[in-house]
Amino acid sequence: MSKSKSLSKKTRIKPSLAIKPMGRLQSLVERQRRATKIFTRLAQVMPEPRCELHYKTPYQLLISVVLSAQTTDKSVNKCMAPLYDAGLTPEQVVAMGAKTFESKIKTIGLAPTKAKNVIGLTQILLEQFGGKVPDNREDLEALPGVGRKTANVVLAEIFHQPTLAVDTHVFRVGMRLGLHAAPTPQKAELILLEVIDPRFLPAAHHWLILHGRYTCKAAKPDCPQCKISDLCPSFTKL
Ligand code: SF4
């Protein structure tokens, strides 16, 4: 998802992004209380947060999330719009084959690998799931090119399950807000799921991504314009 670079379980965050909140991390209860204030505020500012990947069917969303690794939502949307507008189906993708599909996504990075994964996962969907996207983590993560983050996005966006996909924005913003100090995305996910009240899920994923993309940017966070600066331990320290 959008500069939402896929972060594997073992990924270590670059020093430039590993900006920890100053001072000690608050207790779980204190962080839970502050998180509730943060997401209540973000809900007022962004009442209807949306996934910025365009899609018309669950299958198309799954493909777009797989394609979005190491690139932007914008470039995926641009590339896939004509295919989705024409009603791209799993059957059509398999009929195309890897080489033809690769030629259609050549503007996206890692096209050969991604094309191979999309064809592979689509074949499995057709053979085992009647062409439908499965609604559980186990089946999703068994698909080629689908890791925990992609599965979380699909479970949240399509099936409205209370998950939290931790991409680079969610990781960075969660850390700057002092909600976690985990070394990896997967550990951050587990901590954030403890800290965030379930009533804010799965929307919290979008709020953190959008806040990270447009305000709490990696290189230069816009603290003076930030709507939650009074709740952020990193304010004035970046
Ligand atoms: S105050 Fe600054 S560091 Fe904290 S969330 Fe806002 S933009 Fe990010």
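Colleague: How do the residues lining the largest cavity divide into nonpolar, polar and charged?

Modeller: There are ten nonpolar, four polar and two charged residues in that lining. Ala, Val, Leu, Ile, Met, Phe, Trp, Tyr, Cys and Pro count as nonpolar, Asp, Glu, Lys and Arg as charged, and the others, Gly among them, as polar. Before we go on: this is a predicted model, where local features need pLDDT of at least 70 and side-chain atom pairs count only at pLDDT 80 or more, while totals for chains, interfaces and linings use all residues. Residues are numbered from 1 along each chain as its sequence is written, and side-chain values use heavy atoms, with hydrogens and water left out.

Colleague: What makes a space a cavity?

Modeller: On a 1 Å grid over the protein atoms alone, a cavity is a set of points where a 1.4 Å probe fits but cannot get out, and lining residues have an atom within 4 Å of a point. Grid points are joined across faces, edges and corners, and the volume is the space filled by probe spheres set on the points. Two cavities here reach 30 Å³ or more, and the largest has a volume of about 110 Å³. Of its 16 lining residues, His-211, Cys-216, Cys-223, Cys-226 and Cys-232 are the closest to the centre.

Colleague: Why is the pair of Phe-39 and Phe-200 called tilted?

Modeller: Rings of Phe, Tyr and Trp (its six-membered ring) pair if their centres lie within 6.5 Å; planes under 30 degrees apart count as stacked, over 60 as edge-to-face and the rest as tilted. The centres of Phe-39 and Phe-200 are 5.8 Å apart and their planes stand at 35°, so the pair is tilted. Phe-39 lies in helix H1 and Phe-200 in the loop between helix H9 and helix H10, 161 residues apart. Helices are DSSP runs (H or I, at least four residues), as are strands (E, at least two), numbered from the N terminus. Together with Trp-207, Phe-39 and Phe-200 form one aromatic cluster.

Colleague: How do you know whether Phe-39 is buried or exposed?

Modeller: Buried means under 20% relative accessible area, exposed over 50%, and partly exposed in between (1.4 Å probe, protein chains only). Phe-39 has 0% relative accessibility, so Phe-39 counts as buried. Phe-200, at 6%, is buried too. Lys-37, by contrast, has 52% and therefore counts as exposed.

Colleague: What makes the contact between Asp-85 and Lys-56 a salt bridge?

Modeller: A salt bridge needs a side-chain nitrogen of Lys or Arg within 4 Å of a carboxyl oxygen of Asp or Glu. For Asp-85 and Lys-56 the closest N and O atoms are 3.5 Å apart, so the pair is a salt bridge. Asp-85 belongs to helix H3, while Lys-56 sits in the loop between helix H1 and helix H2, 29 residues away. Both Asp-85 and Lys-56 are exposed. In total, nine salt bridges are counted.

Colleague: Where are Lys-99 and Glu-102 in the chain?

Modeller: Both are in helix H4, and because they are three residues apart, about one helical turn separates them.

Key:
On a 1 Å grid over the protein atoms alone, a cavity is a set of points where a 1.4 Å probe fits but cannot get out, and a pocket is an open set with protein on both sides within 12 Å along at least five of seven lines; lining residues have an atom within 4 Å of a point.
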